[in-house]
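These are my notes from a first look at one model, kept in the order in which I looked things up.

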Amino acid sequence: MKDTIVQTPIGNLEIKIRKGKLTRLSWTKKAKTELKIESKKINRQLIQYFKGDRKKIDFPITANGTPFQKKVWKAISSIKYGKTTTYGDIAKKISSSPRAVGQAAKRNPLLILIPCHRVVAKNSLGGFLGKCGVRKKERLLRIEKIN
DNA sequence: CGACTGCTTTGCA
DNA sequence: TGCAAAGCAGTCG
């Protein structure tokens, strides 16, 4: 199966689909413009999401990670559209530490499906993709009408 | 500021 | 393989 790239208003998204399931969804710097999307379905959903018309991406997904990472991702997934939480809150919920939560968030292979952009630091926006992507994070939050 | 945190990754044997 | 050390999208004093 081929990897594909979808253009979104805030950057290109690299998509990997394995056996009919979405395994990875991450920002890419590649300047590839052709859209050879295998599943029109996920493409359409993403477009709608970025227009603000859709609140949930509905697609079979598989995310591989350590048991701890899965716990974190699950906790993050339960954040509702338009809401934010802090790393500390997540940590508390799964009795861990904020630092560890942040690390797990970074390793998240499904960037916006697991809404890690809704997780912010206590007294600032927090990081995103090694601090170079905070702009993206901001715009994602803007789409969801936060701030 | 600095100390501390929990977990992953990296390095080196 | 194994274990120690470093490193994080944080937070508290």
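Which residues in α1 are buried? Before answering I note that this is a predicted model, in which local features need pLDDT of at least 70, side-chain atom pairs count only at pLDDT 80 or more, and totals for chains, interfaces and linings use all residues. Residues are numbered from 1 along each chain, chains are lettered from A and ligands numbered from 1 as written, and side-chain values use heavy atoms without hydrogens or water.

I found Ile42, Asn43, Gln45, Leu46, Tyr49 and Phe50 of α1 buried, where buried means under 20% relative accessible area and exposed over 50% (1.4 Å probe, protein chains only). They lie on the same side of α1, because they cover an arc of only 165° around the axis, taken from the directions from the helix axis to the C-beta atoms. On the other side of α1, I noted Lys40, Arg44 and Lys51 as exposed. After α1 comes Gly52, whose phi is positive, near 90°. Helices here are DSSP runs (H or I, at least four residues).

I then turned to DNA strand C, which 15 residues surround, with Tyr87, Arg99, Gln103, Lys106 and Lys122 the closest; near means a heavy atom within 4 Å. Sugar and phosphate make up 45% of the atoms of DNA strand C that come within 4 Å of the protein.

Conventions
Helix = DSSP H or I, 4+ residues; strand = E, 2+ residues; numbered from the N terminus.
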